[in-house]
Amino acid sequence: MKKLFSVCIVFLLISGCGTLDSKTILIDAGDSKEKVIEIMGTPYDRQFDGQKEAWQYCVSGAGFGYNDHKVIWFVNRKVTGITSYRTTRSGCTGAVKSIKWEDAPDYTVEIRER
């Protein structure tokens, strides 16, 4: 029993708490903010600029020595992309980056004449 407990502890230390990949894989371009909340929950950080929004999520201790961060980008309340980054700071507090809007995935607005 003691050996099994030790093996479990080592496995948890190696694998960490898991990344956000299993959730973000369920999000597609064009999904609504409501669907993202359904899948991901409330964001750790939210920033916006006009009709553009960026929601950040973080899992502390996702792997050995790092935190997993995901930025979900929106334009007009619809997902336009997801980007990822890792930090080595202890915990998510203070490790979330300020959004740089030039890093947002490109999108095209098509204007048609009638």
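Visitor: What makes Cys58 and Cys92 a disulfide?

Guide: The sulfur atoms of Cys58 and Cys92 are 1.9 Å apart, and a disulfide is a pair of cysteine sulfur atoms within 2.5 Å, so the pair counts as one. In general, such a link is a covalent bond between the sulfur atoms of two cysteines. A word on the source: this is a predicted model, where local features need pLDDT of at least 70 and side-chain atom pairs count only at pLDDT 80 or more, while totals for chains, interfaces and linings use all residues. Residues are numbered from 1 along each chain as its sequence is written, and side-chain values use heavy atoms, leaving out hydrogens and water.

Visitor: Why is the disulfide of Cys58 and Cys92 called left-handed?

Guide: The torsion about its S-S bond is about -80°, so the disulfide is left-handed. This pair links distant parts of the chain: Cys58 lies in strand S2 and Cys92 in the segment after S4, 34 residues apart. Strands here are DSSP runs (E, at least two residues), numbered from the N terminus.

Visitor: How do you know whether Cys58 is buried or exposed?

Guide: Buried means under 20% relative accessible area, exposed means over 50%, and partly exposed is in between (1.4 Å probe, protein chains only). Cys58 has 16% relative accessibility, so Cys58 counts as buried. Cys92, at 9%, is buried as well.

Visitor: Why is the aromatic pair of Trp55 and Phe74 called tilted?

Guide: Rings of Phe, Tyr and Trp (its six-membered ring) pair if their centres lie within 6.5 Å; planes under 30 degrees apart count as stacked, over 60 as edge-to-face and the rest as tilted. Trp55 and Phe74 are 4.6 Å centre to centre with 55° between the planes, so the pair falls in the tilted class. Trp55 is in strand S2 (residues 52-63) and Phe74 in strand S3 (residues 66-75), so the pair ties together parts 19 residues apart in sequence.

Visitor: And what makes Trp73 and Trp101 edge-to-face?

Guide: Their centres are 5.9 Å apart and their planes 75° apart, so this pair passes the edge-to-face cut-off. Trp73, at 3% relative accessible area, is buried, whereas Trp101, at 21%, counts as partly exposed.

Visitor: How do you know that the charged end of Arg86 sits over the ring of Tyr66?

Guide: The rule asks for NZ of Lys or CZ of Arg within 6 Å of the ring centre and within 35 degrees of the ring normal. The charged end of Arg86 is 3.9 Å from the centre of the Tyr66 ring and sits over that ring. Likewise, the charged end of Lys97 sits over the ring of Tyr85, 4.5 Å from its centre.

Definitions and conventions:
Helices (H or I, at least four residues) and strands (E, at least two) are DSSP runs, numbered from the N terminus.
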